[in-house]
Amino acid sequence: MAIIYALLPVMAVLFTTWLNNQSNRKLKEVDVKNIIKQKDYELNLERIKEKSNHERIVYASLINILGDIQQLDVDLSSNCVNYNCVEESVQNFNESFKKNREKVAENQISLSQSAVSELYNFYRMLSSMQIELKNILHDKEYEIAHVVVSEYSSRMANIILKLYEELK
């Protein structure tokens, strides 16, 4: 019995140490899980910010393109009655468009499929406008060039509004 009384304090210390170690292990597991959750949350938040940034760049670039189209309309409507005037105005537009198109291309990766579809509708509309302008140059009907651009700019503005709704 004396041995049992002598071992009791040692066993109590060992049991207390074991309980503390178990408790510490559980706390560390909880800490690790919390750290992992925090990292996942931060990573997800970073992805959302990056996606939002890409979407803003795409939208801003499309607004710039629309502004260039409106400038093209202004250029064409101000006594533009010959080949050189129309050709020069279209060429200026194309140079500016190329810069904005590159920005869109670099950032469209994060767009949803429906947003990409609207983007391609915009480009399709823009291509149709440019084809009509080439036909106007070919047919030498310079005085109606601004009418075509004006009509298409309204349609493209509506597409940009749809895209904006998609990105919200």
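Glutamate 151 is partly exposed, at a relative accessible area of 41%; partly exposed lies between buried (under 20%) and exposed (over 50%), with a 1.4 Å probe and protein chains only. The structure is a predicted model, in which local features need pLDDT of at least 70, side-chain atom pairs count only at pLDDT 80 or more, and totals for chains, interfaces and linings use all residues. Residues are numbered from 1 along each chain as its sequence is written, and side-chain values use heavy atoms, with hydrogens and water left out.

Glutamate 151 forms a salt bridge with arginine 155, the closest N and O atoms being 2.3 Å apart. A salt bridge is a side-chain nitrogen of Lys or Arg within 4 Å of a carboxyl oxygen of Asp or Glu. By this rule the count is 2 salt bridges. Arginine 155 is partly exposed, at 35% relative accessibility.

Lysine 51 is partly exposed at 35% relative accessibility, whereas glutamate 55 is buried at 10%.

Lysine 140 lies in the loop between H3 and H4. Although lysine 140 is not a glycine, its phi is positive, at about 60°. With 58% relative accessibility, lysine 140 counts as exposed.

Conventions. Helices (H or I, at least four residues) and strands (E, at least two) are DSSP runs, numbered from the N terminus.
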